[in-house]
Amino acid sequence: MKIRTEPLTSGVEERSLLYRAGAGLVQAFSVGMFFIQVLDSFYSSQRAVVHYSSVPQPPEDASDLKYSQICPSCRETLQGTVGVLRPSGYVYCMRCIEDHVLPGQRCLASNAAVGRADVIVINLATQ
């Protein structure tokens with residue numbers, strides 16, 4: 001029986017094997033990072049869901065069409081750009097939101113806490 005004394009691979013073959021192993025690790029790392037980003041976006045989108053079932057409903061008399069077209073603060077007819085307050089559901093003219101609601105950080109009709117992020121701006125169509 002003859003014992004082999006020469007190396008199993010040459011220097012070129014060793015570098016080729018190391019290159020392939022390194023490339024495989026880089027590819028595995030890239031795929032792993034991709035799946036981490038997918039999971040992160042999936043879970044962050046679930047946290048961003050806002051449930052509006054806890055939003056208090058305006059009083060019954062607010063359902064009257066005449067009443068809903070009037071700003072609760074200045075009592076003028078709503079025209080142009082208006083703002084809806086998410087916490088209360090009330091609609092104000094933008095002048096009243098800027099002058100009264102936002103500085104006090106409260107809905108004037110329901111006393112609900114309000115911030116600038118709680119105002120939904122809507123442009124009413126002129127008829």
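This note goes through the predicted model point by point.

1. **Basis.** The model is predicted: local features need pLDDT of at least 70, side-chain atom pairs count only at pLDDT 80 or more, and totals for chains, interfaces and linings use all residues. Residues are numbered from 1 along each chain as its sequence is written, and side-chain values use heavy atoms, with hydrogens and water left out.

2. **Confidence.** Confidence is lowest in helix α2 (residues 65–68), at a mean of 51. It is highest in helix α3 (residues 94–104), at 91.

3. **Elements.** The chain has three helices and three strands. Their order from the N terminus is α-α-β-β-α-β. Helices (H or I, at least four residues) and strands (E, at least two) are DSSP runs, numbered from the N terminus.

4. **Burial and contacts.** Of the 127 residues, 17% count as buried. Buried means under 20% relative accessible area, exposed over 50%, partly exposed in between (1.4 Å probe, protein chains only). Take contacts (heavy atoms within 4.5 Å) between residues at least 6 apart in sequence: 39% join residues at least 24 apart.

5. **Surface.** The chain exposes about 10200 Å². Carbon and sulfur atoms supply 58% of that area. Accessible areas come from the Shrake-Rupley method with a 1.4 Å probe; for residues, only the protein chains shown count as cover.

6. **Nonpolar patch.** V31, F34, F35 and V38 form a nonpolar patch on the surface. Together they have about 370 Å² of accessible area. Patches are made of residues with over 30% relative accessible area and no salt bridge; like charges are joined within 9 Å, nonpolar side chains (Val, Leu, Ile, Met, Phe, Trp, Tyr) within 5 Å. V31 lies in helix α1 (residues 11–47). V31 is partly exposed, at 41% relative accessible area.

7. **Salt bridges.** Side chains of opposite charge can pair when their charged atoms come close. A search of the whole structure finds two salt bridges (a side-chain nitrogen of Lys or Arg within 4 Å of a carboxyl oxygen of Asp or Glu).

8. **R95 and E76.** R95 forms a salt bridge with E76, with the closest N and O atoms 3.7 Å apart. R95 lies in helix α3 and E76 in the loop between α2 and β1, so the pair ties together parts 19 residues apart in sequence. Both ends are partly exposed: R95 has a relative accessible area of 46%, and E76 has 44%.

9. **E98 and R116.** The side chains of E98 and R116 meet in a salt bridge, at 3.4 Å from N to O. The pair links distant parts of the chain, 18 residues apart: E98 is in helix α3, R116 in the loop between α3 and β3 (119–123). E98 is partly exposed, at 36% relative accessible area. R116 is exposed, at 57%.

10. **S88.** This residue, S88, sits in the loop between β1 (81–85) and β2 (91–93). S88 counts as buried, at 2% relative accessibility. A polar atom of the S88 side chain lies 3.3 Å from the backbone nitrogen of Y90.

11. **A112.** A112 is in the loop between α3 and β3. It counts as buried, at 17% relative accessibility. Leaving aside neighbours within four places in sequence, A112 is in contact with P87, S88, Q105, R106 and C107. The C-alpha atoms of A112 and G89 are separated by 10.0 Å, with the two residues 23 apart along the chain.

Conventions: A polar contact is a pair of N or O atoms within 3.5 Å; within protein, one must be able to donate a hydrogen and the other to accept it, and residues adjacent in sequence count only if both atoms are side-chain atoms. pLDDT is the predictor's confidence in each residue, from 0 to 100.
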